[in-house]
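Biologist: I have a structure open and would like to learn how to read its features one by one. Could you walk me through it?

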Amino acid sequence: MTQVLVLVELVDGALDSSTPELLAAAAQLGEPAAVVVVEPAAALAAELGAELGALGAGIVFVASREGAGSQLVTPQVAALEAAVAASGDVSAVIVSNSTDGREAGARLAIRIDGAYQSDAVGIAAADGGIVVTQQAFGGSYTVTAGTGRGIPVISLRPHSIEGAAPAAAGTVREIDISGDTAVTTEITARHEQTQVSERPSLQTADIVVSGGRGLGSKEKFELVEQLADSLGAAVGASRAAVDAGYCDHNMQVGQTGVTVSPNLYIALGISGAIQHRAGMQSAKTIIAINRDADSPIFEVADFGVVGDLFTVVPQLIDAVNARRG
Amino acid sequence: MKIAVLVKEVPDTWGDRRIDPSTKRVDRSGDVVIDEINEKAVEAALLVKEANSGSDVTVVTMGPASALDAIRKSLAMGADRGIHIIDDGFTGSDVVQTSAALAAALGGRDFDLVITGNESTDGRSAAVPAMLAERLGVAQLTFLRTLTVSAGVGSAGTVTGERVTAEGHVELRAALPALVSVTEQIAEARYPNFKGIMSAKKKPVEVLALADLSLPAGDTGADNSWSVVADVTARPPRSGGTIIKDDGTAGTQVADFLAASKLI
Ligand SMILES: Cc1cc2nc3c(=O)[nH]c(=O)nc-3n(C[C@H](O)[C@H](O)[C@H](O)COP(=O)(O)OP(=O)(O)OC[C@H]3O[C@@H](n4cnc5c(N)ncnc54)[C@H](O)[C@@H]3O)c2cc1C
Ligand SMILES: Nc1ncnc2c1ncn2[C@@H]1O[C@H](COP(=O)(O)O)[C@@H](O)[C@H]1O
C-alpha cells in the first residue's frame with residue numbers, strides 16, 4: 001500500500017492535538033507515516049515512535065536539527081521533502097490547517113512539484129485518485145477537487161474527520177536534512193499560551209458563544225464568558241468586538257477570523273454582517289440575542305430573541321445552571 | 001529600499017459571492033474590489049517606504065482587465081508604479097500556477113521586500129506567500145501583525161515582526177531580502193486624497209503577458225493545473241427559525257429550546 005505522510009507538529013516537545021486526526025485521515029487513504037522534526041538534544045525518537053505508532057503511524061520519519069525549534073517552517077519543509085524521497089511511494093501528504101502546517105505544506109508542494117489543496121474538510125480515495133472536500137465563501141458552497149498532476153499536499157481543517165487509525169508499528173527511520181539550504185527565519189521569542197484555559201478551543205468546540213459590539217465594554221464582555229462556561233463552550237467574538245478591544249484577536253469568528261461549525265452557536269449582541277456569518281453559518285443550530293429585530297443575524301437563527309442581552313443572558317445562565325443541577 | 005506589494009482583486013465580501021456552476025470558478029461578474037487585506041499590505045509598504053528614504057513601492061497584481069483598478073487604488077494611496085500580469089492563458093490558474101506567475105514577474109528585479117496579504121478573502125488558502133518565499137528563495141515572515149524594517153548601513157538590513165498564531169504570537173527576525181505577509185491588525189489603510197488620485201493616473205503600469213514571463217509552456221492554464229475542481233454544490237439557505245420578543249421570560253425560553261433540542 002502507498003504511504004500517506006503526515007506532518008506532526010510538536011508543542012513544547014509534545015504532540016500537537018491535531019496529530020490523531022491527521023493520522024486517522026491518512027489511514028483512510030493508505031498507510032500513515034509520520035514526519036517529525038526534533039532538536040538533537042531532545043533524543044526522544046524512540047518515545048515518539050511508540051506514541052505515533054499507537055496513533056497509527058507505520059513509519060515515523062524523524063529529522064533532527066540543531067535549533068529547529070527556533071526556525072520558522074523551513075525545517076519541516078525539508079523533513080517532508082526528505083521523507084517523500086525516502087519513502088519512494090507517497091500518494092499524499094497531509095498537514096494541519098494551522099498557521100505553520102499550511103505554510104509548510106504550501107512550500108512542500110512547490111518543492112516536490114505537487115498539488116496543494118488547502119483547508120480540506122473531507123478527504124477520500126476515489127477511482128481517479130484522492131478527492132478533497134472544501135468549503136468556499138464561508139460554507140456557502142461545497143467544492144470537491146482532485147489532483148491534475150503531482151502528489152497532493154492537503155491541509156486538513158481541525159475537527160473534520162471522525163474515527164481513529166488502527167495502531168501500527170511506529171518504526172523510527174531517521175532522515176537527514178543537513179543538506180537543506182533554505183533561507184531561514186529565526187523565531188526570537190514565543191508568547192503563546194498552550195491550553196491554560198479550561199475552555200475548549202474555538203475551532204474544535206461543540207458549542208461556541210460569541211459576543212459582539214453589543215456587549216459595550218471589555219468588562220461587560222465577561223457575560224459572554226460566563227454563559228460559555230455554564231455551557232462548557234468556547235468563546236468567540238465579532239470583528240467589531242475585537243477591534244474595540246473587548247477580547248483577543250484570535251477569538252474572531254468570520255471571513256478574516258476563525259471558521260467554526262459547532263453543534264450550537266450563540267451570538268450575543270452581534271448584528272450578523274455577511275462577513276461574520278461567513279465564519280459561523282454552517283453551525284448546526286444558531287441562537288441569536290439582539291435588541292434590533294432587523295438584525296441580519298436573525299436570518300440565520302434557529303431561535304432568536306429580540307431583547308436586551310443584559311437581561312436575557314443572566315436569566316439564561318441561571319436556567320442552564322438550574323437544569324444542570 | 002525596493003519594495004513590491006502584491007494585491008488581488010476579489011468579489012466584494014459585502015455582495016452576493018457566487019461560484020459559477022458551469023465553469024466551477026469564482027463568478028467575477030459582480031462587484032469586485034481590491035481585497036481589504038491588500039489595502040493594508042499597501043499601507044504597510046508605504047510605512048516602510050516613509051521610514052526608509054529613497055524607497056520605491058511597486059504594486060503587482062495578476063488578474064483580468066478590471067484588476068487595473070486595484071493597481072490604481074494602490075497608486076492613489078502612494079505606491080510608485082504598477083505591474084499588471086494579464087493573459088487569457090492564466091484563466092483558471094490554481095495556487096501553484098499563480099505563485100509561479102507572480103514569482104516569474106518578481107524574479108530578477110532585486111526587490112528587498114515583498115509584502116502580501118496573509119490570505120485572500122476569496123481563496124483563503126494563505127498559500128501564495130509561502131510559495132513565493134519558496135520560489136524566490138528568500139526568508140519568509142508571514143502572518144505579521146507588526147513589521148519593522150531596518151535598512152542597515154552598508155550591510156544587509158533586517159526585518160522583524162510579530163507572527164500571529166492560534167495560541168498567541170511569536171517574534172520573527174530575518175535578513176533582507178524577505179517576503180512578508182500581513183494580517184488585518186497591521187495598520188488601517190489610508191484613504192487616497194485628491195492629489196493621490198490625480199497622480200495615480202500618470203504613474204507607470206507595466207503590463208506582462210504570458211509570453212513575457214519565462215514559464216514552462218506545459219505548466220500554465222486550467223488544462224495544466226495541479227488542482228482540478230470536480231464539483232461545486234451550493235448550500236441550501238437556512239430555513240426560517242423561531243424569533244420571539246423578550247417578554248421577561250426569554251432567557252428561560254432559550255434554555256427550554258436548548259433542552260428540547262438536546263443541546264443541554
Ligand atoms: C473584508 C472584511 C472582513 C471582515 N471580517 C470579519 C470577521 O472575520 N468577523 C466579523 O465578525 N466581522 C468581520 N467584518 C466586519 C463586519 O462587516 C461587521 O462590521 C462586524 O461583524 C460587526 O460586528 P458586530 O455585529 O459586533 O457589531 P455591530 O454591527 O455594531 O452590531 C452590534 C449589535 O449589537 C446589538 N446590541 C447592542 N446593544 C445590545 C443589547 N444591550 N442587547 C442586545 N443587542 C444589543 C445591536 O442591535 C447590533 O445589532 C469584516 C468586514 C470586511 C469588510
Ligand atoms: N492573483 C494575485 N495577484 C497578486 N497577488 C496575489 C494574487 N493571489 C494572491 N496574491 C497575494 O497573496 C496573498 C494571499 O493570497 P492566498 O494565498 O490566495 O490566500 C494575497 O493577499 C495577495 O497579496
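Modeller: We'll go through the ligand sites, then the domains, then some backbone details. Keep in mind that this is a predicted model.

Biologist: Let's start with ligand 2. Which residues around ligand 2 come nearest?

Modeller: With a ligand, begin with its shell and then look at polar contacts. Of the 21 residues around ligand 2, the nearest are L6(B), N38(B), S120(B), A126(B) and V128(B). For polar contacts, look at the backbone of L6(B), where a polar atom is 2.7 Å from an oxygen atom of ligand 2. V7(B) also uses its backbone, with an N or O atom 3.4 Å from a nitrogen atom of the ligand. S125(B), on the other hand, uses its side chain: a polar atom there lies 3.0 Å from an oxygen atom of ligand 2. As for cover, ligand 2 has 480 Å² of accessible area on its own, and the protein covers 97% of it.

Biologist: Which elements of chain B each supply at least two residues of that shell?

Modeller: Those are α1 (36-51), β6 (56-62), α3 (95-106), β8 (113-117) and α4 (128-136). The largest share, three residues, comes from β6(B). Sorted by class, the shell has 10 nonpolar, eight polar and three charged residues.

Biologist: On to ligand 1, then. Why is the site shared between chains?

Modeller: Check which chains the neighbours belong to. Ligand 1 is surrounded by residues from chains A and B, so the site is shared between them. There are 29 residues around ligand 1, and the closest are R213(A), S238(A), S271(A), Q275(A) and N290(A).

Biologist: What lies 2.5 Å from an oxygen atom of ligand 1?

Modeller: That's a polar side-chain atom of S238(A). R213(A) has a polar backbone atom 2.7 Å from an oxygen atom of the ligand, and L309(A) places a backbone N or O atom 2.9 Å from a nitrogen atom of ligand 1. Taken alone, ligand 1 exposes 980 Å², of which the protein buries 86%.

Biologist: Now the domains. How do I read the interface between domain 1 and domain 2 of chain A?

Modeller: The size of an interface is often given as the accessible area lost when the parts come together. Here the domain assignment of chain A gives domain 1 (3-175) and domain 2 (207-324), with C-alpha centres 34 Å apart. Six residues of domain 1 of chain A are in contact with four residues of domain 2 of chain A. The two domains bury about 340 Å² between them, 36% of it on carbon and sulfur atoms. On the domain 1 side, Q135(A), G138(A) and R157(A) lose the most area to domain 2, together 78% of what that side buries.

Biologist: Finally, the backbone. Where is the cis peptide bond?

Modeller: The general idea comes first: most residues other than glycine have a negative phi, and most peptide bonds are trans. In this model, a cis bond joins L176(B) and P177(B), with omega about -5°. P177(B) sits in the loop between β11 (168-175) and β12 (178-182) of chain B.

Biologist: And which residue other than glycine has a positive phi?

Modeller: Look at A126(B), with phi near 55°. A126(B) is in the loop between β8 and α4 of chain B.

Conventions: Residues are numbered from 1 along each chain as its sequence is written. Chains are lettered from A and ligands numbered from 1 in the order in which they are written. This is a predicted model: local features need pLDDT of at least 70, side-chain atom pairs count only at pLDDT 80 or more; totals for chains, interfaces and linings use all residues. Side-chain values use heavy atoms; hydrogens and water are left out. A residue is near a molecule or strand if one of its heavy atoms lies within 4 Å of it. A polar contact is a pair of N or O atoms within 3.5 Å; within protein, one must be able to donate a hydrogen and the other to accept it, and residues adjacent in sequence count only if both atoms are side-chain atoms. Accessible areas come from the Shrake-Rupley method with a 1.4 Å probe; for residues, only the protein chains shown count as cover. Helices (H or I, at least four residues) and strands (E, at least two) are DSSP runs, numbered from the N terminus. Ala, Val, Leu, Ile, Met, Phe, Trp, Tyr, Cys and Pro count as nonpolar, Asp, Glu, Lys and Arg as charged, and the others, Gly among them, as polar. Domain bounds come from an automatic or database domain assignment. Contact means heavy atoms within 4.5 Å. Buried area is the accessible area (1.4 Å probe) that two parts lose on being put together, summed over both.
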